[in-house]
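The paragraphs below walk through the structure, beginning with the ligand site and moving on to the nonpolar cores.

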Amino acid sequence: MSTVQQNAVTIFDTTLRDGEQSPGVALSPADKVVIAQQLEAMGVDVIEAGFPISSTGEAAGVSAVAKSVRESVVCAFARAHQADITAAVQALKKAIRPRIHLFIATSELHMRHKLNMAPDAVLDRAVWAVKEARRWCDDVEFSAEDATRSDFDFLCRITEAVIKAGATTVNIPDTVGYAIPDQFGALIGRLRTTVSNADQAIFSVHCHDDLGMATANSIAAVANGARQVECTINGIGERAGNAALEEVVMALRTRSDSFSATTAIKSDQIGFCSQLVAQRTGMDVAANKAVVGRNAFAHESGIHQDGLLKNSNTYEIMTPESVGWQGTRMVMGKHSGRRAFQDWLGRMESVSFDEMCLEGAFERFKAMADQGMHPTRDEVLGWVDRG
Ligand code: KIV
Ligand code: ZN
């Protein structure tokens with residue numbers, strides 16, 4: 001599961017931390033364990049289990065995940081504060097492969113208005129925190145919060161300093177979803193060539209979806225050498241959410257002609273995982289959500305249905321089975337055509353229909369569908385039987 005190949009992209013799932021920061025979501029330790037076990041079964045490399053200092057229940061949730069996961073790295077989130085690091089170390093005690101994820105803001109805006117700290121003080125604190133975390137854990141990630149609105153030279157300086165202090169992964173978050181793909185890709189490429197010790201750490205990205213570009217930004221970063229992507233199931237997370245794991249994984253897989261990067265995710269587990277997270281968080285998945293929405297493999301229009309019945313590649317770039325859906329769904333409605341209508345009836349009953357009878361039933365079905373009614377297959381078969 002670990003990333004040994006040059007082109008392997010580490011999938012860092014933060015459903016249980018950033019995902020849980022979605023307004024209104026609170027996962028119990030038991031919920032976290034169930035989700036973490038599914039993430040592990042799906043091949044997620046790193047599971048960010050939570051932010052232990054934030055509450056007693058959260059610390060218990062991280063500990064419970066740490067105890068139950070065997071293969072994936074289990075990660076705890078921490079500010080660059082002693083109390084946070086202590087809480088993370090404590091919560092990760094039972095983890096077989098622990099990681100501490102430290103963060104501090106690096107943009108002028110955040111440093112001045114939120115932290116009230118000068119850049120040099122932020123840099124010193126980051127270096128101190130990484131060294132402190134490394135006393136307890138060999139695997140330490142550092143995130144430069146609001147990196148995409150940070151001064152580039154300062155971002156290089158702090159990245160170089162934390163790598164020197166022992167950070168094994170450096171994460172470049174687009175905290176407020178401000179980035180656009182070509183600029184974000186270029187930022188990752190430039191950082192990797194400018195920071196003198198860049199080869200001593202994995203470059204990671206963490207993109208938010210405020211402008212709907214989280215997945216595109218993550219993919220642009222991979223094209224420019226990022227080798228860890230932080231993401232969540234169903235794209236849940238702060239505000240408009242994070243890059244969706246299912247989108248990142250399926251984009252890299254489906255467009256392997258353009259990216260030589262691979263992940264260890266067993267994609268046929270994605271559908272189940274999506275439903276589990278929706279159920280445990282209470283956050284429904286939009287019907288048209290890429291990869292996991294209930295319409296992602298559904299077709300109603302006659303032209304599309306006809307094409308699909310002839311060759312599924314006409315209107316599907318992935319198979320539903322590859323992401324754990326059971327078969328392509330033909331939805332019968334006002335846009336459907338004869339070909340799909342016959343297939344719909346015939347596939348179920350394997351009866352041969354009288355042509356006239358079938359045409360009459362089709363007309364009647366279309367008239368009802370036009371009024372927004374949806375007769376069931378059994379009802380339609382009843383008309384056909386009666387002639
Ligand atoms: O969005 C963000 O910046 C984060 C952390 C990685 C700091 O969630
Ligand atoms: Zn975030």
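**Ligand site and cores**

Ligand 1 is surrounded by Arg 17, Asp 18, Phe 77, His 101, Phe 103, Ser 143, Glu 145, Asn 171, Pro 173, Thr 175, His 206 and His 208, each with a heavy atom within 4 Å of the ligand. This is a predicted model, in which local features need pLDDT of at least 70 and side-chain atom pairs count only at pLDDT 80 or more, while totals for chains, interfaces and linings use all residues. Residues are numbered from 1 along each chain as its sequence is written, chains are lettered from A and ligands numbered from 1 in the order written, and side-chain values use heavy atoms, without hydrogens and water.

An oxygen atom of ligand 1 lies 3.0 Å from an N or O atom in the side chain of Asp 18. A polar side-chain atom of His 206 is 3.0 Å from a ligand oxygen, and for a polar side-chain atom of His 208 the distance to an oxygen of ligand 1 is 3.0 Å. Of the 260 Å² of accessible area that ligand 1 has on its own, the protein covers 94% (Shrake-Rupley method, 1.4 Å probe).

The largest nonpolar core has 94 residues, and those with the most contacts inside it are Met 42, Leu 102, Phe 142, Ile 158, Phe 184 and Leu 191. Such a core is a set of buried Ala, Val, Leu, Ile, Met, Phe, Trp, Tyr and Cys residues joined through side-chain atoms within 4.5 Å, where buried means under 20% relative accessible area (1.4 Å probe, protein chains only). Helix 6 (residues 152–165) gives this core its largest share, nine residues. Apart from this core lies another, of 16 residues, including Met 332, Phe 353, Leu 358 and Phe 365.

Notes:
Buried < 20%, exposed > 50% of the residue type's maximum accessible area, 1.4 Å probe, protein only. Helix = DSSP H or I, 4+ residues; strand = E, 2+ residues; numbered from the N terminus. Polar contact = N/O pair within 3.5 Å; in protein donor to acceptor, adjacent residues only side chain to side chain.
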